[in-house]
Amino acid sequence: MLKVGIIGCGALGRVHAERFTRMAGVKLAALAEPNRANLEATVRMIPHTIEARTDYREILDSGLDAVCIASPDAMHVPQVLDALAANLHVLCEKPLTADPYELEAVIASRDETGKVVSLTYPRRYDAGIRAMEREIKSGKWGRVLQVTMYNAEDWITPNRGTWRHDPKICPGGFFYDASGHQIDTILWVTGLAPIRVFARMSNRGMPSPMAAWGTSLLEGGVPVTFAFEGAAHTWREQINIHCELMDFTILNGKAFWLGEGEIEPMALGEPDEHADHAFVRLIREGGRNWAAPEDVWPVLRFTRAALDSAAFGRDVEIEKE
């Protein structure tokens, strides 16, 4: 029986709790959350007796095999490092960090302990988007010519008064926390490193950036345009990747390609894999880690450069590996 704990019992923590509770051979054994109301609400969801603590450190040495971290952004790295020091496997919500030294520390600790560390970028677990990655990187559709990214949602109304509007806890606001999905996706499926970026941002009257727009250049001279709006009224997403012999698109999280004049879904019949299921598979069986911590480097570099570009009002060269 694999014993798992959850750190952070907000909305995402409860999603993870539901998934782990339904998995065969997995016992959700402990919860940690400083907000007692959130902690008690999550405890009531669990159909068995469970250890519940307000200090996450109290569950790290309680006989667990692994933890899922679903706490506010700024807490991710300290909690990952503490969990690895306790010899636990770690599944962590994204974003992990915008600090390269913190990312290096996580990778070094993961390597030293030999434990599984995985992140929750959901598009990496989607079968259609995995198929898109394989097709584009195969080279049979020619080189990538151009990329566009768009994402919009109401990131203001549901987050008022929460940590998501606190620049100290969620640096970079909507752009950092939410738009990393699209940035990570285009860099992952194309395999192209970002070279430079020009960005503009607006706080839309909030304490941190709620909107971002601009252009970027990927290696090989591939142009990227992007527009991210956190003051919209409903969630929607579109990513377009134009290759010499095929167009690929992601519409609201699902992958399509242009086949014989029609937009067709990719990878019909291939199973998706939630991050939680993939995490348990990695611990038990190994296989591909769809979102290992070293995969954070490209989106970290893009994000830092875009924030600097918006602050300084100029193109910013993106750090190389």
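How many nonpolar, polar and charged residues are in the lining of the largest cavity? Before the answer, please note that this is a predicted model.

Let me start with the search itself. Rolling a probe the size of a water molecule over the atoms shows where empty space is left. Over the whole structure, the search turns up one cavity of 30 Å³ or more. The volume of the largest cavity is about 90 Å³. Its lining is made up of K94, P95, L96, T97, A98, Y121, Y176, G180, V296, V299, L300 and T303. Sorted by class, that gives eight nonpolar residues, three polar and one charged. Helix α9, residues 297–312, supplies the largest share of this lining, with three residues.

Next, the second largest pocket. Its volume is about 330 Å³. Twenty is the count to keep in mind here: of the 20 lining residues, L192, A193, P194, P298 and E321 are the closest to the centre. By class, the pocket lining has ten charged residues, nine nonpolar and one polar.

On to the core. Which residues have the most contacts inside the largest nonpolar core? They are F20, V67, V90, I241 and F302, in a core of 98 residues. I will follow one of them, F302. Setting aside neighbours within four places in sequence, F302 is in contact with M149, I183, L187, P194, V197, S216, F226 and I318. P194 is in that list, and P194 is also among the residues closest to the centre of the second largest pocket.

Last, the cysteines. How many disulfides does the structure hold? The number is zero. A disulfide is a covalent bond between the sulfur atoms of two cysteines. For a pair to count, the sulfur atoms must be within 2.5 Å.

Are C9 and C92 buried or exposed? C9 is buried, with a relative accessible area of 0%. C92 is buried too, and its relative accessible area is 0%.

That is what I had; questions are welcome.

Technical notes: Residues are numbered from 1 along each chain as its sequence is written. This is a predicted model: local features need pLDDT of at least 70, side-chain atom pairs count only at pLDDT 80 or more; totals for chains, interfaces and linings use all residues. Side-chain values use heavy atoms; hydrogens and water are left out. Buried means under 20% relative accessible area, exposed over 50%, partly exposed in between (1.4 Å probe, protein chains only). A nonpolar core is a set of buried Ala, Val, Leu, Ile, Met, Phe, Trp, Tyr and Cys residues joined through side-chain atoms within 4.5 Å. Contact means heavy atoms within 4.5 Å. On a 1 Å grid over the protein atoms alone, a cavity is a set of points where a 1.4 Å probe fits but cannot get out, and a pocket is an open set with protein on both sides within 12 Å along at least five of seven lines; lining residues have an atom within 4 Å of a point. Grid points are joined across faces, edges and corners, and a volume is the space filled by probe spheres set on the points. Helices (H or I, at least four residues) and strands (E, at least two) are DSSP runs, numbered from the N terminus. Ala, Val, Leu, Ile, Met, Phe, Trp, Tyr, Cys and Pro count as nonpolar, Asp, Glu, Lys and Arg as charged, and the others, Gly among them, as polar.
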